[in-house]
Amino acid sequence: MSHEKRTLEFYALAVFFALFVLFLYGPLSAILILSFQGETGGLTFPLNGVSLHWFANLFERQAVGDFGGSFKRSLVLGLMVMIVTVVVSLLAGLAFRQKFRGATALFYLSVASLVVPSIIISLGIGVVFQQVGLRPAWYTSAFGAHLTWTLPFGVLIMFAVFNRFSPAYEEAARDLGASSWQTFAHVVLPMIAPSLIGVGLFGFTLSYDEFARTLMTSGTFNTLPLEIYGMTTNVTTPVLYALGTVTTVFSFLVILATLGAILYVGRRRTRA
Amino acid sequence: MSKAAEIDIVSVSKVYGTTTAVEDISLKIPAGTYCCLLGPSGCGKTSTLRMIAGHESISSGDVRLGNTVVTDLPPAKRGTAMMFQSYALFPHLDLIDNVAFSLKMKGVDKEQRRAKALDMLKLMQMEAYATRRPAQLSGGQQQRVALARALITDPEALLLDEPLSALDPFLKVRMRVELKKLQTSLGITFVHVTHSQEEAMALADLIVVMNDGRIEQAAPPRDVFERPATAFVARFMGDHNVISGRVTGARDGMVVFDVIGGGSLAARGHGREPGAPIDIAIRTDHVRIGDAPALGLGFTGIVSNIEYRGATVKLSVTGAGIDDFTVIINDSDFFARPVAIGDAVPLAWDSQDAIVLGHLHS
């Protein structure tokens, strides 16, 4: 078996990919390694022994920063955003399958927030809340700010899903005596369930690590990304790295759990 | 499952915005008939089927099934069942649940509906695959499941939208044998949409040839083939040469006409006014090489192509005003007196083989 000689383009792209991986995982590994810094170690290399001291320290009361509280807020906010994104995207996807007056205008209006700089939206929401006399909070103004980001994405995904969804399935269900609700519950919903899981995961992660849109809208209490940012300027111990490691591991766990759920659904679907 | 219903379509039209998909068609399909709606894509055959099924609203006119006017009834209340082109089996359900779907919607309890579904799968010889998903089946197997799912509703008429188009040629021929067998044993009315004249001829008791939203001819296959009503039918069914001309007069019970840019031909038919346009059809296999038995029953043309087909040989002949005239002669006749491309050959046919074609009234 003879190998074809690889072209120059192959090597150029390989180098590009290697750099990409390096930029993504290099810093991540540095943080990961430094979070195991010894008790007397500092914020930079070299490692001064290896310990879990900073992980333990993370769960103690901090002089600055409230890791536990901000994590809880980010988690709850992420779940709220996830649920609303899934429900509204699904309904919008269903609505846009029918042609209605102003459909195109409405579509562009709702996806426009994808091109507006996020910090501007954040600033605007903050200003308006102040003007109306409402106190910004992570569960009101920041919640709304996150939805301006996740909903257009969710709607776009549902458009793609329903674009490929043949109406023949629904006609077949109707032909077999299903009511509109039965058609939706027994045919449409199960068939698009994997995509809905995807939309939910997307909504959650977008909200969980959103920074710019939360910056001016979170009010008194910080979400996790804001807290981490605040800590980078105030905290001078490797507890910061421990925090980075824990939150990253948490994100990976969420993704793994979702993949597991999709695999499980798929397995059940194809089981002989 | 022995009840079959007559389907009566009374001046039905379907209008989408400004385009008319089906224009004022009337058709009676007797109970227990295997009916094929045949035509090119866009001729309105699928719209007609979907209006019978209730998946398309009827712009004007009525559809009656048995003694019930079903025009405004939802699909499941009509006593029809539809089999979709791509079968539309639910990918997330196994075969039993697919077949039992209509019973589940009706609220039949689990044990009972699964037992009935299994019986239906047995009828289609698919019980061995009962717990599989549709994606794990071949095209022919999917079709059987789709049939089982439609027939479990105990319909009086089964509506099939291009049921064989998704199958490879070999399977197509096998599944059409199964369809015919099934229709014969169930005795219910089948309405089958197809664009394949071969499929229609093989299956149908009644062929309905459609074009441009209208019915060109509705008749048993032999009638459609041997006595095509219009030039469209003759061309669409194939194996016919269509020659157009203008009537010049009558002679011995024959209409005489001039081919535009060519000679004079004759065909058996009623007297028409001179100058009226006329089309005739001549079966390609009823033309022979030789001299005409009477004036106007043949012409001389140049052979432009020869195709050997085994049992037959296909000659393409160009004559004055006649562009592409096809002659099918059997191989022994051809090789007894072979001709070559470029030869001038006399072609002839008998008077009963030239059929005068009609026009649709518009």
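Residues are numbered from 1 along each chain as its sequence is written, and chains are lettered from A and ligands numbered from 1 in the order in which they are written. Because the model is predicted, local features need pLDDT of at least 70 and side-chain atom pairs count only at pLDDT 80 or more, while totals for chains, interfaces and linings use all residues.

Start with chain A. It has 11 helices and 0 strands. Helices here are DSSP runs (H or I) of at least four residues, strands are E runs of at least two, and both are numbered from the N terminus. The C-alpha trace of chain A spans about 75 × 75 × 40 Å along its principal axes. Its radius of gyration is 23 Å, whereas a compact globule of 272 residues would have one near 19 Å. That radius is taken over C-alpha atoms, and the globule rule is 2.2 Å times the number of residues to the power 0.38.

Of the 272 residues in chain A, 29% are buried. A residue is buried if 20 or more other C-beta atoms lie within 10 Å of its own, exposed if 12 or fewer, and partly exposed in between, with C-beta atoms placed from the backbone. Two residues are in contact if their C-beta atoms, placed from the backbone, lie within 7 Å.

Now look at where the chains meet. The contact takes 17 residues from chain A and 22 residues from chain B. On the side of chain A, helices H7 (168-175), H8 (180-208) and H11 (239-270) each give two or more residues. H7(A) has the largest share, 6 residues. The residues on this side of chain A divide into 9 nonpolar, 4 polar and 4 charged. Here Ala, Val, Leu, Ile, Met, Phe, Trp, Tyr, Cys and Pro count as nonpolar, Asp, Glu, Lys and Arg as charged, and the others, Gly among them, as polar.

Next come the cores. A nonpolar core is a set of buried Ala, Val, Leu, Ile, Met, Phe, Trp, Tyr and Cys residues joined through C-beta atoms within 7 Å. The largest has 112 residues, and those with the most contacts inside it include Val99(B), Leu158(B) and Val208(B). Beyond its neighbours within four places in sequence, Leu158(B) touches residues including Ala81(B), Met83(B) and Phe190(B). A second, separate core of 22 residues includes Met82(A), Val86(A), Ala145(A) and Leu215(A).

In chain B, consider helix H1 (residues 45-53). Why is it largely enclosed by the rest of the structure? Because 9 of its 9 residues are buried. Among them are Lys45(B), Arg50(B) and Ile52(B). Gly54(B) follows H1(B) and has a positive phi, near 95 degrees.

Two sheets of chain B come next. One is an open, mixed sheet of 6 strands in the order E6-E7-E8-E3-E9-E10. Strands E6 (80-83) and E10 (214-219) stand at its edges with a single partner strand each, so one side of each is left without a neighbour in the sheet. Neighbouring strands are turned by 15 degrees against each other on average, direction ignored. Helix H5 (residues 139-151) packs on this sheet and touches E6 and E7 of chain B; its direction makes about 165 degrees with that of E6(B). For such angles, axes are lines fitted to C-alpha atoms, for helices over the stretch in contact, and values run from 0 to 180 degrees between N-to-C directions. Inside the sheet, E7(B) and E8(B) run parallel, joined by 5 bridges. Two strands pair if DSSP finds at least two bridges between them.

The other is an open sheet of 5 strands in chain B, in the order E13-E12-E11-E14-E20, with antiparallel pairing. Neighbouring strands here are turned by 45 degrees against each other on average, direction ignored. E12(B) and E13(B) pair over 5 bridges, and Val255(B) stands opposite Ala267(B) in E13(B).

Finally, turn to strand E1 (residues 7-16) of chain B. E1(B) pairs with E4(B) in the antiparallel sense over 5 bridges. E1(B) also runs antiparallel to E2(B), with 7 bridges. E1(B) and E2(B) form a hairpin with 2 residues between them, and Gly17(B) in the turn has a positive phi of about 60 degrees.
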